[in-house]
Amino acid sequence: MESRSSMSLSGSGPHTNGQSIETNKNSDILSDESKFFSTSKDKSEIHIESRDNIDSCNGLCDKAQENTNSESEMNGSHDIVDKLSYESDSCSDLSDTSEPCSKLSMVCNSSSNTTDTRRKLSFKSDIPNEITEDAKRNKKFCVARISKSKSISVDFRLSRGIAQVNEGKYAQAISIFDQILKEDPTYPEALIGRGTAHAFQRELEAAIADFTKAIQSNPSAGEAWKRRGQARAALGESVEAIDDLTNALEFEPNSADILHERGIVSFKFKNFYAAVEDLSTCVNLDKDNASAHTYLGLALSSIGEYTKAEEAHMKSIQLDQNFLEAWAHLTQLYQDLANPKKALECLQQVLEIDGRFARAYHLRGILLHGMGEHRKAIKDLSTGLSIENDNIESLYLRASCHHAVGEYREAVKDYDAALDLELDSMEKFVLQCLAFYQKEIALYTASKINSEFCWFDIDGDIDPLFKEYWCKRLHPKNVCEKVFRQPPLRESLKKGKLRKQDFSVTKQKTALLQVADSIGSKIQYDCPGFLPNRRQHRMAGLAAIEIAQKVSKAWRSLQTEWKHSNKSTSKHGKKARRRERINFPSHNRGGAGCSTSSSSETSTSYGIAEDRSWGRSVMSWVDVYSLAVKWRQVSEPCDPVVWINKLSEEFNSGFGSHTPLILGQAKVVRYFPNYERTLDVAKTVIMDKSYVYNKADEVIDLSKDGKLEDIIHARSCSDLYRIVGEDFWLATWCNSTAFEGKRLEGTRITLVKIGEQGFDFAIRTPCTPSRWDEFDAEMKAAWEAICNAYCGENYGSTDFNVLGNVRDAILRMTYYWYNFMPLSRGSAVLGFVVMLGLLLAANMEFTGKIPQGLQVDWEAILNSDPNSFVDSVKSWLYPSLKVTTSWKDPDVTSTFATTGSVVAALSSYDD
């Protein structure tokens, strides 16, 4: 269950499906289309009309994410601890990051240096890349009567400067304001006007300096406070921005406009509860503010109030049926809740309103990709790119779609295009890093396309350092200097072009794919955040059947040995002592091509290892799971699924997964349902041990001062943190089956404070050599127990009652796998796939569904005893098992012999 956070390519608001939230502080963001129309009714009154906007913060706000993740697994997976996350999750969690249009009206309320004269300058603040009808509406604000101490010529120059800003002539506007300020350096209106011009030129420091001078000249200039707050927000100075907007509210306590602005700034800087409070007050004061309603929806969804969030987005749309951003945000909500039907309906509405709204094609591409409809996703992403050709999120996602379906020339072209773009944010830079790694994997896959699928071996063939940097999304500089690069595409395609026969449809292939689709669909979680993905279902079904077929052959070999042992007993009149334990080759570390491997260890590329001492072939538990790993690697190549022990020597320092339930104030849509149970498990562990560990791995004693009593009554992360007093972690345990009385370290529950009111409450699974060796021994024993339960008198039985011990043994090994978490991502889905395959090998097929709201991997992680896990799962699993042998033919390995035929099989259903 490791890479749970999803990689979010481009999400509207913070994507809470597993990905951390990043905001670029330095690149922003002032709309270049600002228009300030100035008219004069007479010599004593000026009206300023505003059509556009100064931006308040970077429009790249990311969720969770769950999910570039590009995570497309049905059962999810946890994210690498060291990764730079921003969404995704998985491709099922890819979401758009552009922010909604904010209608941020700014009303200046500043006095001249003599009497009670007031001038009001009005502007609107908008988020970049988003023009809505709401933002286009003209809104007039009256400027109060001219001060008698100022000449009319000064006032006309002021209005002329504003007119220049309207026309985008910022340098000329600044020149006019300079002339006014030369005569009166403290003139607030001119300072505000010049600061605004600087802001639109993205000269935010200069803008802040002018707004500051205006405030010093007139502390009651509410407009200056407001504008400085926005400029500070654009620089990432969230605390200062909130302070300025709060000061602005002192002059207009019931200003829906300022509340709107402060709510948006709070939202962008992840203070979601404050955002909900401000935006709720705003819409009570201004019920027709469509922008405030949709932002309120975003904030509500971040804190898990999904029904209220849907209502807020719907209200925004009710106010303005053509409000594209509200439709886009509602789409994102439905995608997060794994309701693709409603999400697609929303996007259809968007495109009926504006058929050239590039973001709609991008969002639909993300959604289709998350559903496994890669070819359809390519069409939408291509349409979006024809409108907006420098969108790196669309380029990268289209490249990964081409890559997945075997169109390597097009994939490499898009990866190169993404690498050539000039970027303005860390999130986009991370995508460029991924494009570099994905291009290398595409070239590797192309070179293997006509080879037998068993020779497709990312774990054995790809350099460990490359894999580690790929998993962690690190800058590829060191990789370029130290790692052998893949040959160029022209060389790969000489032997890597998909052959026509790979796509040929035969009766045998059709039958096998139909069975695989049925079996694979059983991996689907019925939980928010887990989109149904046809491609992953087919991958799971084919992998499960191949596992069943190969394990069945291995068991047949063991059965032959068992029969031979019994014949020996009869012949010699003395029973030969049967070998109690099966000698499996060690797979606790390394592998072919790995810096930690030894010459005696066997590459997993062959699936079966030769045990020469017994003169026969046997499968190890690693061989079994490696079959599923390979299918997962080829099915969604933008997910780095690799064995952690086959990374570089950094494995020695521990390399694990990170799955947040709460991130800041955001409730992660996929995993927050497990929050209460995880909190209870944490309390149970603390009560058992009376201590936790701090960041430096030092013991924090909780046995004194009544702290354990307080722990019992803790009801939240905040309560636990208050009692412990600092960031901490604790480890759950797993009772060993192989070694009586031994406890293995399970997962680590961590609590880290983020900001003033937020927490990172997560499970983290470290993979150190010592922990790996312990779980390797446990998995080896569990696999042997399965083999011994089936390969004796029960072999080949179709009597459901006789197979009880086999079922229980399979579930026990699944329990240890989930707690082990030996992959960089994908452990959750592959654990269930292997379980389905082993049940098939024992002639049992799961025909039901995983119960709604249940995540099998979490059942294992939150149980300290394997038997408790078995009892919790068997209640719904066993009644849905039926005895069958239909999986035995046709043979998966011979039907889809080459890597190309496997890619074609995974890509054929949506042709």
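## Exposure classes and overall composition

A residue counts as buried under 20% relative accessible area, as exposed over 50%, and as partly exposed in between. Aspartate 697, at 48% relative accessibility, is therefore partly exposed. The model is predicted.

The chain has 911 residues, and buried residues make up 64% of them. Its secondary structure comes to 36 helices and 21 strands. The accessible surface is about 32,900 Å², with 48% of that area belonging to carbon and sulfur atoms.

## Nonpolar cores

The largest nonpolar core holds 161 residues, and the members that touch the most others are Trp555, Trp783, Phe832, Leu838 and Val856. A second, separate core has 75 residues, including Leu191, Ala224, Tyr361 and Leu363. In soluble globular proteins, nonpolar side chains tend to be buried together.

Beyond its neighbours within four places in sequence, leucine 838 is in contact with Ile547, Val551, Trp555, Val624, Trp783, Ile786, Ile810 and Met813.

Alanine 312 is placed in helix α11, residues 306–319. Its relative accessibility is 6%, so alanine 312 counts as buried. Leaving aside residues within four places in sequence, the contacts of alanine 312 are His293, Thr294, Leu296, Gly297 and Leu300. Leucine 300 is 12 residues from alanine 312 in sequence, and the two C-alpha atoms are 8.6 Å apart.

Aspartate 380 belongs to helix α15, residues 374–387. With 8% relative accessibility, aspartate 380 is classed as buried. Not counting residues up to four places away in sequence, aspartate 380 touches Tyr361, Arg364, Gly365 and Leu368. The C-alpha atoms of aspartate 380 and arginine 364 are separated by 6.8 Å, with the two residues 16 apart along the chain.

Glutamine 855 sits in the loop between β20 (844–846) and α33 (856–861). Glutamine 855 is buried because its relative accessibility is 3%. The side chain of glutamine 855 reaches the backbone oxygen of arginine 670 at 2.8 Å.

## Strands β17 and β18

Seven of the eight residues in strand β17 (728–735) are buried. Strand β17 runs antiparallel to strand β18 (743–754), and seven bridges join the two. One of the bridge pairs links tryptophan 729 to threonine 750 of β18.

## Backbone geometry in loops

Most residues other than glycine have a negative phi, and most peptide bonds are trans. Alanine 338 has a positive phi, near 60°. This alanine 338 lies in the loop between α12 (324–336) and α13 (340–353), and at 19% relative accessibility it counts as buried. Aspartate 697 also has a positive phi, about 65°, although it is not a glycine. Its place is in the loop between β15 (691–693) and β16 (699–701).

The peptide bond from aspartate 889 to proline 890 is cis, with omega near -5°. Proline 890 is found in the loop between β21 (881–883) and α35 (892–895).

Terms used. Residues are numbered from 1 along each chain as its sequence is written. This is a predicted model: local features need pLDDT of at least 70, side-chain atom pairs count only at pLDDT 80 or more; totals for chains, interfaces and linings use all residues. Side-chain values use heavy atoms; hydrogens and water are left out. A nonpolar core is a set of buried Ala, Val, Leu, Ile, Met, Phe, Trp, Tyr and Cys residues joined through side-chain atoms within 4.5 Å. Buried means under 20% relative accessible area, exposed over 50%, partly exposed in between (1.4 Å probe, protein chains only). Contact means heavy atoms within 4.5 Å. Helices (H or I, at least four residues) and strands (E, at least two) are DSSP runs, numbered from the N terminus. A polar contact is a pair of N or O atoms within 3.5 Å; within protein, one must be able to donate a hydrogen and the other to accept it, and residues adjacent in sequence count only if both atoms are side-chain atoms. Two strands pair if DSSP finds at least two bridges between them. Accessible areas come from the Shrake-Rupley method with a 1.4 Å probe; for residues, only the protein chains shown count as cover.
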